[in-house]
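Please open the model in your viewer and keep the sequence beside it, so that each stop can be selected as you read.

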Amino acid sequence: PWKELLLLKELHIDGDAPIVMCHIPIENLSKDYKGKYQRFIHLHGHLHSKTPIQSDTKPIFDVGVDAWNYRPVCLDEIQILANMF
């Protein structure tokens, strides 16, 4: 029923930092993923954390509803937070 099923997905939006989406935090994957995506905004789920910001030094965000008071988060909100890095 899905159009595609991927390990991860890259988004390139003109004028904004590139985005990589993956269910599992890329930090937990192989070193090949870590090197390639250093300059990307990283969106993930899996952890069910209570806080959306997952790093003090990199734009890594848990986009699961657990981290956002049980509501979906929009890309505009993520991009505002990503500007802090």
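Select K9 first: in this predicted model, K9 is partly exposed, with a relative accessible area of 32%.

Next, select K36 and E10, which form a salt bridge whose closest N and O atoms are 3.2 Å apart. Because K36 lies in helix α1 (residues 31-36) and E10 in strand β1 (residues 8-11), this pair ties together parts that are 26 residues apart in sequence. K36 is exposed, with a relative accessible area of 52%, whereas E10, at 27%, counts as partly exposed.

Go on to E27 and K58, whose side chains meet in a salt bridge of 3.1 Å, N to O. E27 sits in the loop between β2 (19-22) and α1, and K58 in the loop between β3 (41-44) and β4, so that residues 31 apart in the chain are linked.

Now turn to the aromatic rings, of which there are two pairs. Select Y37 and F40, which are arranged edge-to-face, 4.8 Å centre to centre and with 85° between the planes; Y37 is buried at 8% relative accessibility, and F40 is buried at 11%.

Finally, select F61 and F85, an edge-to-face pair at 6.2 Å centre to centre, with 75° between the planes. Is F61 buried or exposed? At 0% relative accessibility, F61 counts as buried, while F85 is partly exposed at 35%.

Terms used: Residues are numbered from 1 along each chain as its sequence is written. This is a predicted model: local features need pLDDT of at least 70, side-chain atom pairs count only at pLDDT 80 or more; totals for chains, interfaces and linings use all residues. Side-chain values use heavy atoms; hydrogens and water are left out. Rings of Phe, Tyr and Trp (its six-membered ring) pair if their centres lie within 6.5 Å; planes under 30 degrees apart count as stacked, over 60 as edge-to-face and the rest as tilted. Buried means under 20% relative accessible area, exposed over 50%, partly exposed in between (1.4 Å probe, protein chains only). A salt bridge is a side-chain nitrogen of Lys or Arg within 4 Å of a carboxyl oxygen of Asp or Glu. Helices (H or I, at least four residues) and strands (E, at least two) are DSSP runs, numbered from the N terminus.
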